[in-house]
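The structure under discussion is shown below.

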2 protein chains.
Amino acid sequence: MHQELRDNLETKISITDREMELIASHVTPRFIKKRKDLLVSGAICKDFAFVVKGCLRSYTIDEKGTEHVVQIAMENYWIADLHSYFTQQPSQTNIEAIEDSHLLLLSASSLEELYDQIPSLDRFFRKLFANALVISLERMNQSNSETAEKRYTKLLKEHPDIIRRVPLLHIASFLGITPESLSRIRKQLH
Amino acid sequence: MHQELRDNLETKISITDREMELIASHVTPRFIKKRKDLLVSGAICKDFAFVVKGCLRSYTIDEKGTEHVVQIAMENYWIADLHSYFTQQPSQTNIEAIEDSHLLLLSASSLEELYDQIPSLDRFFRKLFANALVISLERMNQSNSETAEKRYTKLLKEHPDIIRRVPLLHIASFLGITPESLSRIRKQLH
DNA sequence: ATTAATACTTACCATAGGTTAAGTTAATTT
DNA sequence: AAATTAACTTAACCTATGGTAAGTATTAAT
């Protein structure tokens, strides 16, 4: 269970056995059933979740009641409402399991302690956030420069796993279009 | 000239005089005239630029030759093509001064050295990238959930400085619409 | 197995924003 | 200060995507 986390950390930093024990002692395993919530908007996002197995989405709900998917996280991804997590203010975001999922939860206070005891964790998350930022800016740019059809075909090519495992209505929302539009786009692509 | 940078670092970490001297020795001042390029696509993004004074934009150009503004940076902001900077691969992005600007440039190799000599810089950039990520995800979400008019009025309210100092055509592009559309929106708002 | 809920599709009409084109205003350069 | 270039506006028309509604298919619950 902790091995996946260790492997993930070791993609960016090196970790000693002692350090890993310390990290493991701060992390809480959590199983969550499909369609159950890890976070509901209004609550404070207590934990940064590392996905050992499964699939989750974070999303907001606008005034009209429409959902907007912010992030889709599968194995070896991290998911949270970072704004709420960092500030410990109420979340605007919901996080829900798309499949039965195994998570490792790291609370904000635990992470603060770990930053002080294992300085390379600053480096790990510096790299993690920098990567995520590059991806987010690229996604924003695509949203401003490409049609929904191109965004879909690009996602299909680069993340076929998402297309396979995530319901179309959530993919549509992630792409910023309605399920009806994505259905039409798919049809045009035969 | 280095004081602005020190102040910026000290919003997130504390810095000793010795550390600041070391940082200063790795940083290159650069003056850039309005409408001149700091980075052209195809080149490798050598430097992370801290804006002491002035205003710049990063943007991509699509197949049709249309520009898409990715980032607008004014005083105390950092700007670069992060993907190119981290990987030292050719950039897809251009960076251009919107006003005559004073910058402090930090090369990728200098930054690597500094990370090893001043561990708290990992923490500084961890926080910087985390903040930027939160903002980028929020911007993406707005793009998926709000009309161009709402996005404009929100920008007007939260960043009146941008509206004042940046030409409308670049603001339009940043918002993901054409200058004609933004002009129409402005008219409707009287 | 049946029922109920969730996911997906289709079609028709509506609209925000894009495209084109022409003009005006403002900022630079000579 | 004239000339040039960049920035902004307006209007008529067009298109990608949204909204609504009704139906089918799939998955989950009883």
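Which helices each supply at least two residues of the surface near DNA strand D? They are helix H9 (179-188) of chain A together with helix H8 (168-175) and helix H9 (179-188) of chain B; helices (H or I, at least four residues) and strands (E, at least two) are DSSP runs, numbered from the N terminus.

The model is predicted, so local features need pLDDT of at least 70 and side-chain atom pairs count only at pLDDT 80 or more, while totals for chains, interfaces and linings use all residues. Residues are numbered from 1 along each chain as its sequence is written, chains are lettered from A and ligands numbered from 1 in the order in which they are written, and side-chain values use heavy atoms, with hydrogens and water left out.

Of the atoms of DNA strand D that come within 4 Å of the protein, sugar and phosphate account for 74%. H9(B) contributes four residues, the largest share of this surface. By class, the surface comprises five nonpolar, five polar and eight charged residues. Here Ala, Val, Leu, Ile, Met, Phe, Trp, Tyr, Cys and Pro count as nonpolar, Asp, Glu, Lys and Arg as charged, and the others, Gly among them, as polar.

| Residue | Protein atom | Distance |
|---|---|---|
| A:Ala148 | backbone N or O | 2.8 Å |
| A:Thr178 | polar backbone atom | 3.2 Å |
| A:Ser181 | side-chain N or O | 2.6 Å |

**Aromatic contacts**

Over all chains, the whole structure holds 24 aromatic pairs, defined by ring centres within 6.5 Å, with planes under 30 degrees apart counted as stacked, over 60 as edge-to-face and the rest as tilted. The pair of A:Phe48 and A:Tyr85 is tilted because the planes lie at 50 degrees, with the ring centres 5.5 Å apart. This pair joins distant parts of chain A: A:Phe48 belongs to strand S3 (residues 47-53) and A:Tyr85 to helix H3 (residues 82-87), 37 residues apart. A:Phe48 is buried at 3% relative accessible area, and A:Tyr85 is buried at 2%, where buried means under 20%, exposed over 50% and partly exposed in between (1.4 Å probe, protein chains only). Ring pairs link both residues into a cluster whose members include A:Phe50, A:Trp78 and A:Phe86.

Notes
Phe/Tyr/Trp six-rings, centres within 6.5 Å; stacked < 30°, edge-to-face > 60°. Near = heavy atom within 4 Å. Polar contact = N/O pair within 3.5 Å; in protein donor to acceptor, adjacent residues only side chain to side chain.
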